[in-house]
Amino acid sequence: MERIGFIGLGTMGQVMAQRLMAAGYPLSVWNRTRDKAEPLIQAGAKWAASAREAANASDIVITMVTDSAASEAVICGPDGVLAGAHPGLTLIDSGSIEPEMSYSIAERAKAKGVAMLDAPVSGGPKVAAEGRLGIMVGGPQETFQACEPLLKQLGSMVLYVGGNGKGTTVKLIANLIMGVAIQAAAESLVLAAKAGIDPQVIIDITSLPGTGPQTGAMATRGPRMMQHNFYPPHFSTDNMHKDLSGALRLAEKFGVSLPTASAAREMLRAVKSQGNGRIDSSAVVTVLEAMANTTIGSQPGSV
Ligand SMILES: NC(=O)c1ccc[n+]([C@@H]2O[C@H](COP(=O)([O-])OP(=O)(O)OC[C@H]3O[C@@H](n4cnc5c(N)ncnc54)[C@H](OP(=O)(O)O)[C@@H]3O)[C@@H](O)[C@H]2O)c1
């Protein structure tokens with residue numbers, strides 16, 4: 001089995017790395033904050049002193065960090081993956097980053113003889129733990145084919161979508177739906193409260209499989225909104241704001257108008273400007289509650 005280097009052990013990386021270990025892949029791990037690596041080290045992963053060292057000890061390196069700047073730092077920085085490149089090394093960047101940055105990193109990797117895939121994922125930590133992620137992959141097709149068995153340990157749908165940068169493009173477009181759907185779920189719960197309807201009734205009635213209003217956004221975020229349970233985040237406000245901003249930049253580039261995505265991004269900006277970027281993006285409900293002068297659920301204000 002290929003030796004895997006795993007860089008970035010946050011909410012998603014932690015679970016994805018655990019899954020690869022459980023499948024028997026030998027793992028070297030690095031995270032900026034070492035503490036987060038402890039559970040994996042306890043389970044038998046090797047600690048690498050840097051991303052560079054992890055690359056040196058691996059056949060395939062997976063990076064799963066926050067955004068474009070973070071991916072560039074851990075891959076292209078002085079102690080990054082490319083500094084530890086060796087012949088035959090493959091790089092898979094799974095962060096949801098800007099397509100232009102992903103393409104640029106792939107070019108820099110190619111110059112070092114490293115083939116790169118952009119392979120961002122859909123689905124949260126629970127889905128990742130069950131190996132049911134959606135994975136959209138850009139990069140050289142032969143590299144995709146070589147890495148497909150590994151990616152299938154993490155995802156139940158692994159789609160090749162084109163050259164470098166295409167995986168991250170698909171991710172931004174797909175996640176736009178989630179960003180808007182969370183906002184729509186929050187709006188319906190606040191309206192229910194104002195109209196004298198128990199918001200739980202809305203969660204229940206929209207949970208029926210196959211009906212039009214049914215959405216994963218309500219199923220996963222509705223209960224959090226009711227409980228004001230925003231930490232630890234399922235998907236942070238900062239990250240959702242980043243993804244909608246990426247989708248809006250893409251729309252700007254192609255001259256496409258995205259009115260509801262723009263509105264959803266503004267609500268996330270409001271949560272961020274209250275100093276709450278690190279809590280779950282379902283906290284947009286608190287801004288709506290303030291706007292409507294109401295509260296939903298049983299624990300208002302317990303952020
Ligand atoms: N959470 C989800 O449900 C979900 C679902 C699909 C896709 N995604 C995407 O997956 C990626 C990771 O998300 P996440 O939820 O796992 O985020 P997270 O919990 O915030 O973890 C972020 C990771 O990036 C590292 N990092 C950030 N900036 C860095 C830098 N400059 N240098 C080195 N490391 C850095 C963090 O290190 P520290 O531990 O030191 O802070 C941490 O390991 C994001 O692009 C996100 O949009 C997330």
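Which residues are the closest to the ligand, and how many surround it? Thr 11, Asn 31, Thr 33, Lys 36 and Thr 66 are the closest, and 26 residues surround the ligand, where near means having a heavy atom within 4 Å.

A quick word on the model, everyone. It is predicted, so local features need pLDDT of at least 70 and side-chain atom pairs count only at pLDDT 80 or more, while totals for chains, interfaces and linings use all residues. Residues are numbered from 1 along each chain as its sequence is written, and side-chain values use heavy atoms, with hydrogens and water left out.

Now, the polar contacts, meaning pairs of N or O atoms within 3.5 Å. A ligand oxygen lies 2.6 Å from a side-chain N or O atom of Lys 36. For Lys 242, the side-chain N or O atom is 2.9 Å from a ligand oxygen. With Met 12, a polar backbone atom is 2.9 Å from an oxygen of the ligand. On its own the ligand has 900 Å² of accessible area, and the protein covers 85% of that (Shrake-Rupley method, 1.4 Å probe).

Who supplies the shell? Helix α11 gives the largest share, three residues; helices here are DSSP runs of H or I, at least four residues long, numbered from the N terminus.

Let's stay with α11, residues 237-254. Its 18 residues should span 26 Å at 1.5 Å a residue, and the end C-alpha atoms are 26 Å apart, which agrees; the expected span is 1.5 Å times one less than the number of residues. In α11, 13 of the 18 residues are buried, that is, under 20% relative accessible area. Just after α11, Gly 255 takes a positive phi of about 65°.

Definitions and conventions: Helix = DSSP H or I, 4+ residues; strand = E, 2+ residues; numbered from the N terminus. Buried < 20%, exposed > 50% of the residue type's maximum accessible area, 1.4 Å probe, protein only. Polar contact = N/O pair within 3.5 Å; in protein donor to acceptor, adjacent residues only side chain to side chain.
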